[in-house]
Amino acid sequence: MKKILTILLVVAAIANSYGQAKKPTIMVVPSDRLCISKNFSMTFDNQGTEIVLPDYKKALQTDGDLRLIISKMSGIMADRGFPLKDLEQELKNLEQQAAETSMMMSKGGSELAESPIDMLKRTAKADIIMDLDFEIKQQGPRKYIVFTLNGLDAYTSKNVASAAGTGAPSSAAAPELLLEEAVLSYMDEFNGRLMTHFEDMFAKGREVKVMVKVWDSAEYDLEDEFDLNGETDEFGIFIEDWMADNTVEGRFNLSDGTSNFQKYEQVRIPMFYERNGKQRAMDTRRFVNNLRKYLAKEPFMMECKVYMRGLGEAHLIIGEK
Amino acid sequence: MKKIKNITSLLVVVVLFAVNCSAQSKNKVRKLEYNSTYNYEVATVAVGVDGTKLIKVWGYGKKVEDAIRKAKQDAVACAISRGFPAGAGGRAAATPAIVTDSDVFTKNEAYFTTFFEPGGKYLQYVNLSTDAPPSGADRVKVNKKTYKVGVTISIAFNELRKEMEKEGIARSLDSGF
């Protein structure tokens, strides 16, 4: 009996020590083409150049078809364990948050600290964007749907899942029914590809983007030389070595760089790390923070700032916090 | 004259033996194809209502009823291991398999033996079918012993997927998160 209890306790402890990976947030966003073609757009004059931007608020407030599709997709994704972030609600929250932030005051009369970058960060965001596009077309008396759904990773800009096609023409079915049919038809294909993306992520690590930058006040740039373990080389090369040692199977790509910046793409970071004997979920900020700690030691002794851009992108800025 | 007779008899025996061998070999191939876990004759008919797939599947059997039963089993097995192809003329998009591992049936043999036995749990996921014996082009007598029958079936795809996820056979989309 004692033996069984001990085994059960050990199993429970092991199960408890395993963490869960960071779950990406997903949001359906109508495509630029869809918004602009239906006149849900805003036009700006940017120093003589006309810029057309989608007006999501107007689109969601007026287009019933769009609401129907998003609602249908949300139901399907929630059923698969991925409740979607609702764009309309997110936009409302942001407005409310902005109003509250501007009005909030402490008893002593202090306002909330907010830098220009904090203000810029107040936008509707998700880790994976489901870029939705559809069009109801007519062929004589018959109508049909052209449907495109792209799952875009917000950080790597990669299309991680997609489903697209043209529905069968029908003269009897209402357009709303055809739209509903299109969602039901393509969502399994889309989720199948999303599943492949997640399986790849668990096998080879999460694919993220890391930027290394230098403040203009920094004492060193990426081409200055250092001695480490009897080896003399450029600072940037030592950072590259650290990336090779700390990414999953050394997978990363230094796609661009100068003496002032390095751009690392296709960086595969582990899904978990261990802290206090427990497995915890790793994100890019945590990964880059490890690089910051490495650079704070001998021989570099540098102070660096870690700037986070969501789950899959972080910047390390060398020189000061 | 006797010699010619003997040669003719020998030739007849050889030809008969060859024909028999060929027929046996053909039967063997046919039997292997019937019993193969990779051989599904399935077409998507249209987009099913929420959570279902509307497909047409062909089954083989000694009697029409046996062929219908085999068709139902094949439809469920195909949903699990192979998925359904896209419907012709944009009627429906392709449906991926619930389990991506093609050896799913051998790896979980004990579970699937019970699942697919006559009157087994698989029937829970066959929503609607043309149970009345099909006629015309949907009922073909392949040979003296075999019928090939086509039935239109609605598979409760989402429920089937959930069952596979619950049993740990399929990985759910949010597993690991």
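Which helix and which strand of chain A each supply at least two residues of the lining of the largest cavity?

Reply: This is a predicted model. The elements asked about are helix H7 (175-204) and strand E7 (206-214) of chain A, each of which gives at least two residues to the lining of the largest cavity.

The structure holds one cavity of 30 Å³ or more, and the volume of the largest cavity is about 90 Å³. Its lining consists of A:Pro24, A:Asp127, A:Ile128, A:Asp153, A:Tyr155, A:His197, A:Met201, A:Arg206, A:Glu207, A:Leu311 and A:Gly312. By residue class, that lining divides into five nonpolar, two polar and four charged residues. Both domain 1 (26-96 + 115-203) and domain 2 (205-318) of chain A contribute to the lining, so the largest cavity lies between them.

Helix H7 of chain A also carries a charged pair. A:Lys204 and A:Asp200 form a salt bridge, with 3.3 Å between the closest N and O atoms. These two residues are four apart in helix H7 of chain A, so about one helical turn separates them. Both residues count as partly exposed: A:Lys204 has a relative accessibility of 31%, and A:Asp200 has 24%.

B:Asp138 forms a salt bridge with B:Lys56, and their closest N and O atoms are 2.6 Å apart. B:Asp138 lies in the loop between strand E3 (126-129) and strand E4 (139-143) of chain B, while B:Lys56 lies in strand E2 (residues 53-61) of chain B, so the pair ties together parts that are 82 residues apart in sequence. B:Asp138 is partly exposed at 23% relative accessibility, and B:Lys56 is partly exposed at 22%.

Over all chains, the structure holds 28 salt bridges. One of them is formed by B:Lys162 and A:Asp79, whose closest N and O atoms are 3.1 Å apart. B:Lys162 belongs to helix H5 (residues 157-166) of chain B and A:Asp79 to helix H4 (residues 64-79) of chain A, so this pair joins two chains. B:Lys162 is partly exposed, with 31% relative accessibility, as is A:Asp79, with a relative accessible area of 36%. Both residues belong to a network of salt bridges that links A:Asp79, B:Glu159, B:Arg161, B:Lys162 and B:Glu165.

Technical notes. Residues numbered from 1 in each chain as written. Chains lettered and ligands numbered in written order. Predicted model: local features only at pLDDT ≥ 70, side-chain atom pairs only at ≥ 80, totals over all residues. Heavy atoms only, no water. 1 Å grid on protein atoms, 1.4 Å probe; cavity = no way out; pocket = protein on both sides within 12 Å on 5 of 7 lines; lining within 4 Å. Points joined across faces, edges and corners; volume = space filled by probe spheres on them. Nonpolar A, V, L, I, M, F, W, Y, C, P; charged D, E, K, R; others polar. Domains from an automatic or database assignment. Salt bridge = Lys/Arg side-chain N within 4 Å of Asp/Glu carboxyl O. Buried < 20%, exposed > 50% of the residue type's maximum accessible area, 1.4 Å probe, protein only.
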